[in-house]
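Biologist: I have a structure here that I would like to go through residue by residue. Can you take my questions in turn?

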Amino acid sequence: MPREVEILGAFVPGLLIVGLLAAVVQVGLDWLCARYGVYRHVWHRSLFRVGMFVCVWGALSRLLIH
């Protein structure tokens with residue numbers, strides 16, 4: 001994936017696209033964690049969600065931006 005992507009004539013950073021994709025994946029992971037009761041074992045739900053988002057974003061950016 002290139003560092004910048006042109007969308008409607010404007011250059012957008014590639015990591016923004018990866019961040020939006022990570023947000024979509026995060027919504028799915030959040031739904032799964034809520035459905036299967038993972039949050040019962042977590043001390044601070046908001047911190048866990050932010051940490052999970054950072055991990056997903058980092059993993060996707062590592063995979064897509066080489």
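Biologist: Is tyrosine 39 buried or exposed?

Modeller: This is a predicted model, and every value I give is computed from it. Buried means under 20% relative accessible area. Tyrosine 39 has 12%, so its class is buried.

Biologist: How many aromatic pairs does the whole structure have, and what geometry do tyrosine 39 and phenylalanine 48 adopt?

Modeller: A search of the whole structure gives two aromatic pairs. For tyrosine 39 and phenylalanine 48, the ring centres are 6.0 Å apart. Planes over 60 degrees apart count as edge-to-face. Here the planes stand at 90 degrees, so the pair is edge-to-face.

Biologist: What angle do the planes of phenylalanine 53 and tryptophan 57 make?

Modeller: These two rings form an aromatic pair, 5.5 Å centre to centre. The pair is classed as tilted. The angle between the planes of phenylalanine 53 and tryptophan 57 is 50 degrees.

Biologist: In which helix do phenylalanine 53 and tryptophan 57 lie?

Modeller: They are four residues apart, about one turn of the helix. Phenylalanine 53 is partly exposed at 24% relative accessibility. Tryptophan 57 is partly exposed as well, at 31%. Both lie in helix H2, residues 45–64.

Biologist: Which residues does leucine 21 touch?

Modeller: Leucine 21 sits in helix H1, residues 14–35. Its relative accessibility is 40%, so leucine 21 counts as partly exposed. Not counting residues up to four places away in sequence, leucine 21 touches Leu60 and Leu64.

Biologist: How far apart in space are leucine 21 and glycine 37?

Modeller: In sequence, leucine 21 and glycine 37 are 16 residues apart. From C-alpha to C-alpha, the distance between them is 24 Å.

Biologist: Which residues does aspartate 30 touch?

Modeller: Aspartate 30 lies in helix H1. Its relative accessibility is 15%, so aspartate 30 counts as buried. Not counting residues up to four places away in sequence, aspartate 30 touches Tyr39, Arg45 and Arg49.

Biologist: Which ring does the charged end of arginine 35 sit over?

Modeller: A charge sits over a ring if CZ of Arg is within 6 Å of the ring centre and within 35 degrees of the ring normal. The charged end of arginine 35 is 5.9 Å from the ring centre. The ring belongs to tyrosine 36.

Biologist: Which class does cysteine 33 fall in, and which does cysteine 55?

Modeller: Cysteine 33 has 10% relative accessibility, so it counts as buried. Cysteine 55 has a relative accessible area of 57%, so its class is exposed.

Biologist: In what order do the elements of the protein chain run?

Modeller: The secondary structure comes to two helices and two strands. From the N terminus on, the order is β-β-α-α.

Biologist: What is the radius of gyration of the protein chain?

Modeller: The globule rule gives 11 Å for 66 residues. The chain is well over that, so it is more spread out than a compact globule. Its C-alpha trace spans about 45 × 20 × 15 Å along the principal axes. The radius of gyration is 14 Å.

Conventions:
Residues numbered from 1 in each chain as written. Predicted model: local features only at pLDDT ≥ 70, side-chain atom pairs only at ≥ 80, totals over all residues. Heavy atoms only, no water. Buried < 20%, exposed > 50% of the residue type's maximum accessible area, 1.4 Å probe, protein only. Contact = heavy atoms within 4.5 Å. Rg over C-alpha atoms; globule rule 2.2 N^0.38 Å. Phe/Tyr/Trp six-rings, centres within 6.5 Å; stacked < 30°, edge-to-face > 60°.
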